[in-house]
Amino acid sequence: PIPVIIDCDTGVDDALALLFAVRHPGLDVRAVTCVAGNTGVDGVVRNTLTVLEQAGAGDIPVARGAECPLIEPLRTSPVHGQDGMGDLGLPAPTRRPVDVDAVTLLRREILASPRPVILIPTAPLTNIALLLRTHPEVVRNIERIVFMGGAVEIGNATPVAEFNVWHDPEAAAILLTAGVPITMYGLDVFRQVVVPAADVRRLRTSSEPRLRLAGELLAHRDPAASDDPAPAGGLGDAGAVCAVADPEGLTTELLPVEVSLAPGPTRGQTIVDRRPRPGESEIHGGPREQALVDVALGVDVERYVNLWLTTVEKP
Ligand code: BDR
Ligand code: CA
């Protein structure tokens, strides 16, 4: 199996990512690290521990990470309810996080892995930026970073910026220029991968608590958007883990990507250069230094929905 580490802000869809990752036979989840984002970091730790316990994976080390972004203040997401994970009334976890911080656990697990690790951040990139800046030697044992974040087209936190990148733009910029192969699983594909209502119903009425939890998470809706006609069922962050387990389901293109760090309406936007040839700005100013990223432009929705369902439902 591929050694992976998930850095998350659990989070309804981060929970869907964890439920899948720990049950996929091709993935070996070495650690889960937590960062503030959807909710404060202590809530994220609690939610993450609870989900892992419910998934029968209560032995995976979990560490607490950054309490706030590098520069921005903490701006949590109301989409995920009061507790940051859909207010499902889940039991408190029975264990505690490890007693080292997320950056220390990330470094330790990456360097100890016999094979290069794939990192899967599904949250603001604060922990990952701190790791790359504090312990750059980890890069030699990272095969790739597949992160959920950014958007080629339409944003969510702002018209042009996706939440994870908008929450900590400087951290995202550090990630993109780290010199590690990167896949950007952005909103363009994230929004497409939706589980059909009949499958969500089956999960919600299952006799197995783990599957009922999966169904409740899928059925969760933004409390402020209850009049939204779009169906619930989005796999969200879980799609990024599917992309690691089954990269063939994703269509990517290696493209220059830059994060807007300017104050104002573009802050946090991932500017993806899809022009076929250089423009006037390069002709007059010379080539610009930009990171090349495998940007997800298409996804086989049915393939990932089936992969997620069969993996999570397997007895
Ligand atoms: C991202 O923001 C969070 O609300 C989700 O968990 C996902 O990681 C989508 O923009
Ligand atoms: Ca997330």
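This is a short chat about a predicted model.

Student: What are the ground rules here?
Tutor: Residues are numbered from 1 along each chain as its sequence is written, and chains are lettered from A and ligands numbered from 1 in the order in which they are written. The model is predicted, so to speak with care: local features need pLDDT of at least 70, side-chain atom pairs count only at pLDDT 80 or more, and totals for chains, interfaces and linings use all residues.

Student: How many residues surround ligand 1?
Tutor: There are 15, and the closest are Gly-11, Asp-13, Ser-77, Phe-163 and Asp-237. A residue counts if its C-beta atom, placed from the backbone, lies within 6 Å of the ligand.

Student: Which helices supply at least two residues of that shell?
Tutor: H1 (12-21) and H5 (163-167). Helices here are DSSP runs (H or I, at least four residues) and strands likewise (E, at least two), numbered from the N terminus.

Student: New topic. Where is Ala-151?
Tutor: In the loop between strand S5 (142-148) and H5.

Student: Buried or exposed?
Tutor: Ala-151 is buried, because it has 25 C-beta neighbours inside 10 Å. Buried takes 20 or more other C-beta atoms within 10 Å of the residue's own, exposed 12 or fewer, and partly exposed is in between, with C-beta atoms placed from the backbone.

Student: And which residues of helix H3 are buried?
Tutor: In H3 (residues 102-112), they are Ala-102, Val-103, Leu-105, Leu-106, Glu-109 and Ile-110. They lie on the same side of H3, because they cover an arc of only 160° around the axis, taken from the directions from the helix axis to the C-beta atoms.
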